[in-house]
Amino acid sequence: MATNITFHAGSVSADERSSLLGQRGVTIWLTGLSASGKSTIACALEQHLLHLKKFTYRLDGDNIRFGLNKDLGFSEKDRNENIRRIGEVAKLFSDAAAITITAFISPYKADRSIARELHIGGNIPFVEVFVDAPLEVVEARDPKGLYKKARAGEIKEFTGISAPYEAPDAPEIHIRTDTQDLTESVRAIVQYLTENNYI
């Protein structure tokens, strides 16, 4: 990291920004296996919140790898850096009073903890949502055919098959997409946001 830099604080406080925009920033961090339903829930949640006139933006794992993180692969080191960058970007969006929805496998507890601590350090709420479905269920869904390729050895370091997924110990919200449908999943998140005065 460069040493000849100085952080330049703005002239608008977080409270003033929230007051003027009529909402408070918060990051909603969806984590779970591939095909657990993260992106589907994130899209529906974003649409619902925008219809409520809430400034909301979604960061999706695959989409980010087309631009910001296109230089990263899927080794453990690259996965760590992928999530570090997303944690920083999510913090920036939420600092701007956006409701920021991230949909990333983010398989390692340590990486998610770093993202959480980053937000806590900036006094920005961080809501971890465990989008949970058993391996046999996500393998049966397999919309991109990735599990089939991973089982055939065509994809290395694939989470849930040849690379670990470390489930959250105490997420703010736990959604079971093998038993809860999309409407119920979105409702659970919106209810949490409402009860905690984020919307």
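Visitor: In what order do the elements run from the N terminus on?

Guide: From the N terminus on, the order is α-β-α-β-α-α-β-α-β-α-α-β-α, where helices (H or I, at least four residues) and strands (E, at least two) are DSSP runs numbered from the N terminus. That gives eight helices and five strands. Please keep in mind that this is a predicted model, in which local features need pLDDT of at least 70 and side-chain atom pairs count only at pLDDT 80 or more, while totals for chains, interfaces and linings use all residues. Residues are numbered from 1 along each chain as its sequence is written, and side-chain values use heavy atoms, with hydrogens and water left out.

Visitor: Okay, and how much of the protein counts as buried?

Guide: Of its 199 residues, 42% are buried, a word that stands for under 20% relative accessible area, with exposed meaning over 50% and partly exposed the range in between (1.4 Å probe, protein chains only).

Visitor: Switching topic, how many aromatic pairs are there?

Guide: Searching the whole structure gives five aromatic pairs; rings of Phe, Tyr and Trp (its six-membered ring) pair if their centres lie within 6.5 Å, and planes under 30 degrees apart count as stacked, over 60 as edge-to-face and the rest as tilted. In the pair of Tyr57 and Phe93, the ring centres are 5.0 Å apart and the planes meet at 5°, so these two are stacked.

Visitor: Which parts does that pair tie together?

Guide: Tyr57 belongs to strand β2 (residues 56-60) and Phe93 to helix α4 (residues 76-95), so the pair joins parts that are 36 residues apart in sequence. Tyr57 is partly exposed at 39% relative accessibility, and Phe93 is also partly exposed, at 27%.

Visitor: Which residues do ring pairs link into a cluster?

Guide: That cluster is made up of Trp29, Phe104 and Phe126.

Visitor: Now the backbone: what is the phi of Lys53?

Guide: Lys53 has a positive phi of about 70°, although it is not a glycine, and its place is the loop between α2 (38-51) and β2.

Visitor: And is Lys53 buried or exposed?

Guide: Lys53 is exposed, with a relative accessible area of 74%.

Visitor: What about Ala97, where does that one lie?

Guide: Ala97 sits in the loop between α4 and β3 (99-103), and its phi is positive too, near 80°, in a residue other than glycine. Its relative accessible area is 1%, so Ala97 is buried.
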